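Q: Please take me through the structure shown below, one topic at a time.

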Amino acid sequence: MSSEQPSDNEESEEPRADVLREEDEEDSDEDRGSTRPSSPQAGRESAEKQGSSRLELAADGGTGSGCRGSSDSLFSWICNRTIRRGPFVDPARDHFRTMTRLYKSMSPATDSVNLTTQTHGAVFNLEYSPDGSVLTVACEQTEVLLFDPVSSRHIKTLVEAHEDCVNNIRFLDNRLFATCSDDTTIALWDLRKLNSKVCTLHGHASWVKNIEYDTHTRLLVTSGFDGNVITWDTNRFTEDGCPHKKFFHTRYLMRMRLTPDCSKMLISTSSGYLLILHDLDLTQSLEVGSYRILRARRAPLSTEGSSAGSRSGGSRHTIDSKTHPHREGLSPRNSLEVLTPEIPGERDRGNCITSLQLHPKGWATLLRCSSNMDDQEWTCVYEFQEGAPPRPPVSPRCSLRLTHYIEEANVGRGYIKELCFSPDGRLICSPYGYGVRLLAFDEHCAELTDCMPVRTALLREVRSIYSHSDVVLTSKFSPTHCQFASGCLSGRVALYQPHF
């Protein structure tokens, strides 16, 4: 139960007075005050009776005047806690405070992963299985490592999993996972039979950097530095592979993500553009006729338009209606929006979007951006502006709004730092030099929707932990345990757990 006592105000007491008037309109303030229980224990028992509703609670003495008369009493505290929440305290309100305390006490486990012979090179990606029972590690030197995250025990090394750097790992379910590599291939693996691959997928012409999975259609979606986004039909895979087709193409592609409901695809580029495909349909390919769209200059806006564009998180580039018949309020499937996200301090300079993640509830996108000179980096959070009223043509509607940001340590230039959200979306784990730091939207680690700022705000630092001897490149929260992991350039993996 939270130790923070809510403030007493007239607005919060009005619902209680209304209930009392329904119970007995003729009761005076003195009469209602006389029904107050004789002890705090009596008030607690009254508040804990299930199904009694607010009428019963009020009849037992839960009056607004009683609460104001003894604000420091236990009964007064319980009264205010239950206002507009029924006779019971909302457990979610205390749950996240408990989790916040746990994460603030996180420390590297004493038995963090340290192999005696580190031949696997830098750690590029970490991925937990959906049930949290296995932690997989994508390594620079062609290997994939598997660990038990609870005991930190090394389970197995997939030697020569690929012929070049392993870049990304994605679980399709609790046993089947996919890996991608600079050798231009994707491999499917089964945890029950790790001695050989399930199959190898060929289709990309350059380094494959990203894997996503649509659970509705069972389509595997990959992206690479060849600029292609390819879909693979895992419903029909064999030892020789599975049917695939090119879904989308753009130059300077860096990362590609699907929203949790698979209704949108986001693509980041090294030229600072962010592409959003709305009303996503992976069964239909989207052809872009020319790269001139991405190379277009920022659309000139009027004074009113500039203000609206800033609130929206950047300017929007329109697409040729003949190629993409997109109109406000009448969007076809796979309608394309091209944005230049607003970056603090970089309004007049180019930037590169290196890392791209999505809020687990689909409310926002998380970007790690660097300047073109690679001398500054930022972590930025952009809220999805769904259902916003259309703006005048001079200021077209934009789907993103910059809500939070923070400047990052400029360490390890040239390497991509992969950040992540916690499973509940309240915390961000960001590589920070030789360690990581936990970031929140406010000092209480509240939900993004509960602390949405009117103006762009700074992310709050919850804790910084320095446990590596080299630059941290990737981080990941466990989906089931109060734990997260990080991997660095020298190949070490650190596991962080609450310290009691």
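**Charged pairs and a hairpin strand**

A: R401 is buried, with a relative accessible area of 12%. Buried means under 20% relative accessible area, exposed means over 50%, and partly exposed lies in between (1.4 Å probe, protein chains only).

Q: Before going on, what kind of model is this, and how are residues numbered?

A: This is a predicted model, in which local features need pLDDT of at least 70 and side-chain atom pairs count only at pLDDT 80 or more, while totals for chains, interfaces and linings use all residues. Residues are numbered from 1 along each chain as its sequence is written, and side-chain values use heavy atoms, with hydrogens and water left out.

Q: Back to R401, then. Which side chain does R401 meet in a salt bridge?

A: The partner of R401 is E383, at 3.2 Å from N to O. A salt bridge is a side-chain nitrogen of Lys or Arg within 4 Å of a carboxyl oxygen of Asp or Glu.

Q: Where do E383 and R401 lie in the chain?

A: E383 is in strand 21 (residues 377–384) and R401 is in strand 22, so the pair ties together parts that are 18 residues apart in sequence. Helices (H or I, at least four residues) and strands (E, at least two) are DSSP runs, numbered from the N terminus.

Q: Is E383 buried or exposed?

A: E383 counts as buried because its relative accessibility is 17%.

Q: Which pairs involve R368?

A: R368 forms a salt bridge with E377 at 3.2 Å (N to O). R368 also meets E408 in a salt bridge, at 3.7 Å (N to O). This second pair links distant parts of the chain, with E408 in strand 22 (residues 400–408) and R368 in strand 20 (residues 364–371), 40 residues apart.

Q: And why does R368 count as buried?

A: R368 has a relative accessibility of 1%, so it counts as buried. E377 counts as buried too, because its value is 3%. E408 is likewise buried.

Q: How many salt bridges does the structure hold?

A: It holds 18 salt bridges.

Q: Changing topic: how many helices and strands are there?

A: The chain has nine helices and 30 strands. Of its 500 residues, 54% are buried.

Q: Why is strand 15 largely enclosed?

A: Five of the five residues of strand 15 (residues 265–269) are buried, so the rest of the structure largely encloses this strand. Both of its faces are covered, with M265, I267 and T269 on one side and L266 and S268 on the other.

Q: Which way do strand 14 and strand 15 run, parallel or antiparallel?

A: Strand 14 (residues 253–258) and strand 15 run antiparallel and are joined by five bridges. Two strands pair if DSSP finds at least two bridges between them. L253 has T269 of strand 15 as its bridge partner. The hairpin of these two strands has six residues between the strands, and C262 there takes a positive phi near 60°.

Q: What about strand 15 and strand 16?

A: Strand 15 and strand 16 (residues 274–278) also run antiparallel, with four bridges joining them. The bridge partner of L266 in strand 16 is I276. These strands form a hairpin with four residues between them, and G272 in the turn has a positive phi of about 90°.
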